[in-house]
Amino acid sequence: MAGDNSKQFWKRSAKLPGSIQPVYGAQHPPLDPRLTKNFIKERSKVNAVPLKNKKASSFHEFARNTSDAWDIGDDEDEDFSTSSFQTLNSKVALATAAQVLENHSKLRVKPERSQSTAADITANFKVIKSSSDAQLSRNSGDTCLRNPLHKQQSLPLRPIIPLVARISDQNASGAPPMTVREKTRLEKFRQLLSSHNTDLDELRKCSWPGVPREVRPVTWRLLSGYLPANTERRKMTLQRKREEYFGFIEQYYDSRNEEHHQDTYRQIHIDIPRTNPLIPLFQQPLVQEIFERILFIWAIRHPASGYVQGINDLVTPFFVVFLSEYVEEDVENFDVTNLSQDILRSIEADSFWCMSKLLDGIQDNYTFAQPGIQKKVQALEELVSRIDEQVHNHFRRYEVEYLQFAFRWMNNLLMRELPLRCTIRLWDTYQSEPEGFSHFHLYVCAAFLIKWRKEILDEEDFQGLLMLLQNLPTIHWGNEEIGLLLAEAYRLKYMFADAPNHYRR
């Protein structure tokens with residue numbers, strides 16, 4: 001009898017927790033959507049469970065179908081699963097074969113143009129490969145060695161851009177890193193920063209369209225309010241604030257093992273290895289120790305909110321920018337053990353204070369129940385209903401709630417949706433805008449959503465919409481795309497922020 005009950009239990013509980021699921025976002029590039037889109041749609045149709053509810057799809061159904069579990073191989077289901085996956089695999093294979101044949105036929109028509117294009121791009125652009133790019137292209141390495149060049153170009157050629165690197169100032173189109181106009185802007189920045197009292201209003205105006213890499217560290221310190229405008233006071237201020245931070249370390253850091261702080265420290269310790277896992281810089285033990293100290297001290301000094309998941313992401317842009325002050329080479333692969341202890345202490349303290357200044361303006365995002373995020377998501381929904389009613393109604397039709405995708409946009413300031421180089425460029429503007437990280441970010445999120453309106457309207461089921469919105473293809477974005485996004489966000493702010501009657505229903 002006990003054996004029968006056990007068998008019935010396992011047949012009822014067809015899923016168990018613990019399987020590894022893919023993480024979506026710009027920091028975790030997905031598989032090629034052109035090869036997997038049909039597979040995902042067909043799989044959702046085959047595995048769909050008939051419900052009593054007549055709705056086409058719902059969040060509960062989506063959650064059940066994508067839960068952290070795997071199927072137990074019951075005898076009743078073996079034939080079905082085997083045949084379904086054979087059918088699906090054949091469809092994927094046919095679709096892939098058709099695409100390859102089509103691309104190769106095009107290349108046979110104009111082989112000379114293809115080869116000349118490849119030669120031009122090789123000659124004009126200096127391509128820097130990051131470890132993440134090498135990881136993504138590892139599977140195709142053998143094929144590239146076996147086949148001639150003109151037979152392997154099935155996709156348009158495009159320069160490989162690291163996730164961070166020193167070409168955070170380079171466009172995705174592969175434009176030269178320094179033009180005459182950029183040299184003039186750099187000189188303008190240097191004049192402003194070297195003046196006896198830096199004109200912060202003028203500095204914000206110059207920083208809005210982006211800050212040159214060479215002067216970004218000192219510009220960010222000034223714009224965040226960490227450094228004074230008076231040049232004579234800067235050295236003394238830096239020394240005092242850095243000593244103050246390490247005084248906090250001596251006073252509080254040993255308490256991480258005390259019972260009332262163990263949960264906070266444990267969560268920080270778990271989250272830090274998940275921070276930008278594809279960038280080797282952030283997987284170095286020394287860097288992770290620095291992040292642990294920064295986040296723990298901030299949590300101790302802000303008991304109203306404490307540490308909340310997502311705050312760990314907000315340290316990374318400051319750390320990379322202040323590290324770039326001492327590193328000329330590829331930042332994302334740099335070994336920080338090559339730097340002196342004094343330099344590392346300076347980077348750590350500056351990252352802490354600038355992150356603290358940022359969070360002071362958005363702390364209600366991280367207090368109990370996160371009311372700041374709730375309000376911003378509600379405001380985003382209202383704004384989108386005004387600027388693009390068709391997209392808004394499309395979400396309502398398929399029962400997509402804004403909170404299901406926009407919560408992460410507000411909690412992580414779009415850092416999970418954009419490569420880190422794009423986040424750094426975005427923050428140039430955020431620090432130049434009044435309430436950039438709170439108020440202006442709302443309009444950036446609205447512009448970011450409408451940017452994908454065509455792809456959104458093409459999806460006609462709940463699951464497809466959620467998969468798209470949680471996995472937007474921004475891995476190749478650069479300064480050009482961020483500039484257009486910010487321009488659209490500014491237009492929306494100009495139209496709606498000063499016209500509340502247009503904003504409300």
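Which residues are linked in a network of salt bridges? They are Arg221, Arg242, Glu325 and Asp350. A salt bridge here is a side-chain nitrogen of Lys or Arg within 4 Å of a carboxyl oxygen of Asp or Glu.

This is a predicted model: local features need pLDDT of at least 70, side-chain atom pairs count only at pLDDT 80 or more, and totals for chains, interfaces and linings use all residues. Residues are numbered from 1 along each chain as its sequence is written, and side-chain values use heavy atoms, leaving out hydrogens and water.

**Salt bridges**

The whole structure holds 16 salt bridges.

| Pair | Closest N to O |
|---|---|
| Glutamate 202 and lysine 188 | 3.9 Å |
| Aspartate 201 and arginine 204 | 3.2 Å |

Glutamate 202 pairs with lysine 188. Glutamate 202 sits in helix H9 (residues 200–207) and lysine 188 in helix H8 (residues 180–194), so their bridge ties together parts 14 residues apart in sequence. Helices are DSSP runs (H or I, at least four residues), numbered from the N terminus.

Aspartate 201 and arginine 204 both lie in helix H9. They are three residues apart, about one turn of the helix.

**Buried or exposed**

Buried means under 20% relative accessible area, exposed over 50%, and partly exposed in between (1.4 Å probe, protein chains only). Aspartate 201 is exposed at 59%. Arginine 204 is partly exposed at 29%.

Key:
Helices (H or I, at least four residues) and strands (E, at least two) are DSSP runs, numbered from the N terminus.
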